[in-house]
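Here are my notes on the model you sent over, as numbered points. Have the structure open while you read.

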Amino acid sequence: MGSVSQITEPGGLARVIDHTILRPDAGRADVIRFCDEAKLHHFCSVCVNPVNIPTVARALAGSGVRTCSVIGFPFGAIPTAVKAAEASWVVEAGADEVDMVIALGALKDGDLPAVRKDITDVKRACGKAILKVILETCLLTEDEKIAACRLSQEAGADFVKTSTGYSKAGATVEDIALMRRIVGDAMGVKASGGIRTRADAIRMLEAGASRIGASASIAIIGG
């Protein structure tokens with residue numbers, strides 16, 4: 001990750017944004033439009049639901065923009081074996097990055113071994129693809145956020161991520177700072193959920209984020 005000043009230079013901010021379209025009613029034309037925008041503005045990736053991964057992988061081939069899929073989305077409440085199979089499928093279909101939702105119920109129950117295994121099995125299924133673990137921070141206590149970050153590290157994940165954007169709140173500066181403090185420089189931290197302006201994105205980067213997930217990406221880079 002470069003300095004915040006480097007990232008916020010013209011063109012720099014776009015390169016840390018996952019251009020995200022996860023609406024359940026998004027059709028092929030919507031997804032292709034996001035891919036075209038990502039290629040034009042040099043976003044880091046296009047993040048979509050699994051069914052759209054083959055389309056995105058074809059549309060982005062050779063562009064340098066990465067293909068990203070969510071799995072276990074948006075609740076994380078599916079069996080680990082199914083989540084791992086979903087991860088394997090999207091990677092086979094062309095995903096370079098995978099954003100998984102943590103096993104929230106197990107985390108709230110204090111079943112930390114189950115949470116660790118959930119992440120570990122998905123990471124194994126990802127192969128060389130980058131794995132980001134969505135914590136859904138708005139539903140967690142501070143102790144649970146810390147535990148989730150540490151379990152993600154132990155399981156070999158590459159990033160921790162704040163939110164799905166489908167719960168009661170999204171990313172906060174305080175959560176980003178906490179997550180960065182726990183994982184140090186060894187992992188990426190992705191801020192996602194409710195980031196709609198350039199000022200929002202800059203605040204997250206200053207707090208320690210190394211990636212931004214947003215559907216309002218064009219507005220963000222336009223200031």
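1. Let's begin with helix 8. Its buried residues are D175, I176, L178, M179, R180, I182 and V183, where buried means under 20% relative accessible area with a 1.4 Å probe and protein chains only (over 50% is exposed, and in between is partly exposed). Helices here are DSSP runs of H or I with at least four residues, strands are runs of E with at least two, and both are numbered from the N terminus.

2. Before going further, the ground rules: this is a predicted model, in which local features need pLDDT of at least 70 and side-chain atom pairs count only at pLDDT 80 or more, while totals for chains, interfaces and linings use all residues. Residues are numbered from 1 along each chain as its sequence is written, and side-chain values use heavy atoms, with hydrogens and water left out.

3. What do the buried residues of helix 8 pack against? They sit against helix 7, strand 6, strand 7 (188-192) and helix 9 (198-207). Contact, here and below, means heavy atoms within 4.5 Å.

4. Now helix 7, residues 142-154. Its 13 residues reach 18 Å from the first C-alpha to the last, close to the 18 Å expected at 1.5 Å a residue; the expected span is 1.5 Å times one less than the number of residues. E144, K145, I146, A147, A148, C149, L151 and S152 are its buried residues. Among the elements covering them are helix 5 (104-109), helix 6 (112-126), strand 5 (130-134), strand 6 (159-161) and helix 8 (173-183). Just past the end of helix 7, G156 has a positive phi of about 90 degrees.

5. How do helix 7 and helix 8 pack? Their axes are 9 Å apart, at an angle of about 45 degrees. Axes are lines fitted to C-alpha atoms, for helices over the stretch in contact, and the angles run from 0 to 180 degrees between N-to-C directions. The two helices are therefore oblique to each other: angles under 35 degrees count as roughly parallel, over 145 as roughly antiparallel, 65 to 115 as roughly perpendicular, and the rest as oblique. On the helix 7 side the contact uses E142, K145, I146, C149, R150 and Q153, and on the helix 8 side D175, L178, M179, R181, I182 and V183. By class, these are six nonpolar, one polar and five charged residues. Ala, Val, Leu, Ile, Met, Phe, Trp, Tyr, Cys and Pro count as nonpolar, Asp, Glu, Lys and Arg as charged, and the others, Gly among them, as polar.

6. Helix 6 also packs on helix 7, at an angle of about 45 degrees with the axes 9 Å apart. That makes helix 6 oblique to helix 7. L112, V115, R116 and I119 of helix 6 meet L151, S152 and E154 of helix 7, which gives four nonpolar, one polar and two charged residues.

7. Is helix 4 parallel or perpendicular to helix 6? Roughly parallel, with an angle of about 25 degrees and axes 8 Å apart. This crossing of helix 4 and helix 6 is right-handed. T80, K83, A84, A87, S88 and V91 in helix 4 touch K117, D118, D121, V122, A125 and C126 in helix 6.

8. Some backbone spots to check. The F73 to P74 peptide bond is cis, with omega near 0 degrees, and P74 falls in the loop between strand 3 (66-71) and helix 4 (80-92). H42 is not a glycine, yet has a positive phi of about 65 degrees. E136, also not a glycine, has a positive phi of about 55 degrees; E136 is in the loop between strand 5 and helix 7 and counts as buried at 2% relative accessibility.

9. Finally, two buried residues. V56, in helix 3 (residues 53-60), has 0% relative accessibility. Leaving out residues up to four places away in sequence, V56 touches V31, C35, V46, V48 and T67. S217, in helix 10 (residues 217-222), has a relative accessible area of 0%. Beyond neighbours within four places in sequence, S217 contacts I17, D18, H19 and F43.

Terms used. A crossing is left-handed if the near helix is turned anticlockwise from the far one by less than a right angle, and right-handed if clockwise.
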